[in-house]
Amino acid sequence: MAGQDDQAGANGREGAEFAATVAERVRAELAGLSRSELKVARALLAAYPAAGLETVAQFAKRAHVSAPTVLRFIGRLGFESYPAFQKALIHEVDQQLSSPLRQIAEVEGAAERRRNAPAVARHYIDVLSWSFDTLPEAEFERAAELLADPGRQIHLRGGRFSRVLAEYLASHLAMLRPAVRVIPPDELAQATTLLDFGQRDVLVLFDYRRYDPDLVGFAREAAARGAHVVLFTDPWMSPAAQAAEVVLPARVEAPSPFDSLVPAMAVVEAVVAAVAERRGGAVRSRLSEIEALSRRDDAE
């Protein structure tokens with residue numbers, strides 16, 4: 001697995017040198033963990049990254065295991081010591097809080113990257129490759145399964161910039177299946193949507209670093225009411241991940257002061273393709289009916 005040094009979460013603006021986050025390392029190791037180590041992994045992911053910033057004793061108590069089990073788990077992730085593990089998490093927290101103003105300073109010494117189209121292209125090739133290489137296959141399959149089920153109501157919501165991804169995915173899903181809607185931004189619509197959530201509902205949420213507390217709270221309330229939460233986020237993970245059944249991360253680093261949604265859009269496209277495949281012949285029938293209705297409207 002790429003990026004097994006203790007600089008996890010490093011800037012990642014040097015092409016293919018993206019470092020794996022601690023969460024990515026954990027997910028990559030899940031299948032090979034012992035039962036006790038799996039308890040540690042789940043405790044960390046359930047309260048990420050805060051659980052890992054506790055003392056060894058506190059973390060062990062949270063996971064209901066011994067301190068040596070925690071240290072063994074840390075070693076499985078490639079860290080030489082607990083302080084090195086915590087240093088990586090602290091760096092991730094720092095990256096989560098990165099702002100456009102700060103990112104201007106980070107790219108000031110890379111003027112060539114900003115004006116050289118081939119260099120920019122290489123950067124995006126790298127972030128796309130990394131995003132798909134580290135995409136959890138089981139969670140991707142679960143997302144496609146939930147979104148392809150015509151018996152479920154699909155609700156989508158995003159933030160200031162990521163709302164465009166919610167609308168884009170909703171537009172495509174609406175052509176593949178019924179019962180798809182983007183949740184309106186007004187408070188009444190959000191409250192009534194939450195009120196009606198149940199086990200047949202799926203909330204698809206988009207939240208990237210400098211996370212939106214309103215989106216996080218919405219996800220938690222939706223999960224508490226029985227809805228399935230599918231979260232699209234970055235490798236540092238929105239706190240909404242604690243309420244999500246499925247988490248689909250994508251890199252956001254860009255050769256500019258602003259984060260990029262390009263990798264996230266690519267993951268959305270992949271989900272659309274997977275849903276279309278699962279829907280099978282129903283897609284052809286639905287698209288034919290949509291086109292027939294469109295032609296009727298044009299004729300009138």
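**Loops and helices**

Modeller: Pro 49 is found in the loop between H2 and H3. Helices here are DSSP runs of H or I with at least four residues, strands are E runs of at least two, and both are numbered from the N terminus.

Colleague: What kind of model is this, and how are residues numbered?

Modeller: This is a predicted model, in which local features need pLDDT of at least 70, side-chain atom pairs count only at pLDDT 80 or more, and totals for chains, interfaces and linings use all residues. Residues are numbered from 1 along each chain as its sequence is written, and side-chain values use heavy atoms, with hydrogens and water left out.

Colleague: Which peptide bond joins Tyr 48 and Pro 49, cis or trans?

Modeller: The bond between Tyr 48 and Pro 49 is cis, with omega about -5°. Most peptide bonds are trans.

Colleague: At what angle do the axes of H2 and H3 cross?

Modeller: The axes of H2 (residues 35-46) and H3 (residues 56-63) cross at roughly 100° and come within 8 Å. The two helices are therefore roughly perpendicular, a label for angles of 65 to 115 degrees. Axes are lines fitted to C-alpha atoms over the stretch in contact, and angles run from 0 to 180 degrees between N-to-C directions.

Colleague: Which residues meet there?

Modeller: From H2, Lys 39, Val 40, Ala 43 and Leu 44 meet Phe 59, Arg 62 and Ala 63 of H3, where contact means heavy atoms within 4.5 Å. By class, this contact has five nonpolar, no polar and two charged residues. Ala, Val, Leu, Ile, Met, Phe, Trp, Tyr, Cys and Pro count as nonpolar, Asp, Glu, Lys and Arg as charged, and the others, Gly among them, as polar.

Colleague: Changing topic, which residues of H8 are buried?

Modeller: Ala 119, His 123, Val 127, Trp 130 and Ser 131 are buried in H8. Buried means under 20% relative accessible area, exposed over 50%, and partly exposed in between, with a 1.4 Å probe and protein chains only. Seen down the axis of H8, the buried residues fall within an arc of 110°, so they line one face; the arc is that of the directions from the helix axis to the C-beta atoms.

Colleague: And what does the face turned away carry?

Modeller: That face of H8 carries the exposed residues Ala 117, Pro 118, Arg 122, Ile 125 and Asp 133.

Colleague: Is His 64 buried or exposed?

Modeller: His 64 is exposed, with a relative accessible area of 67%. Its phi is near 60°, a positive value in a residue other than glycine.

Notes: Parallel < 35°, antiparallel > 145°, perpendicular 65-115°, else oblique.
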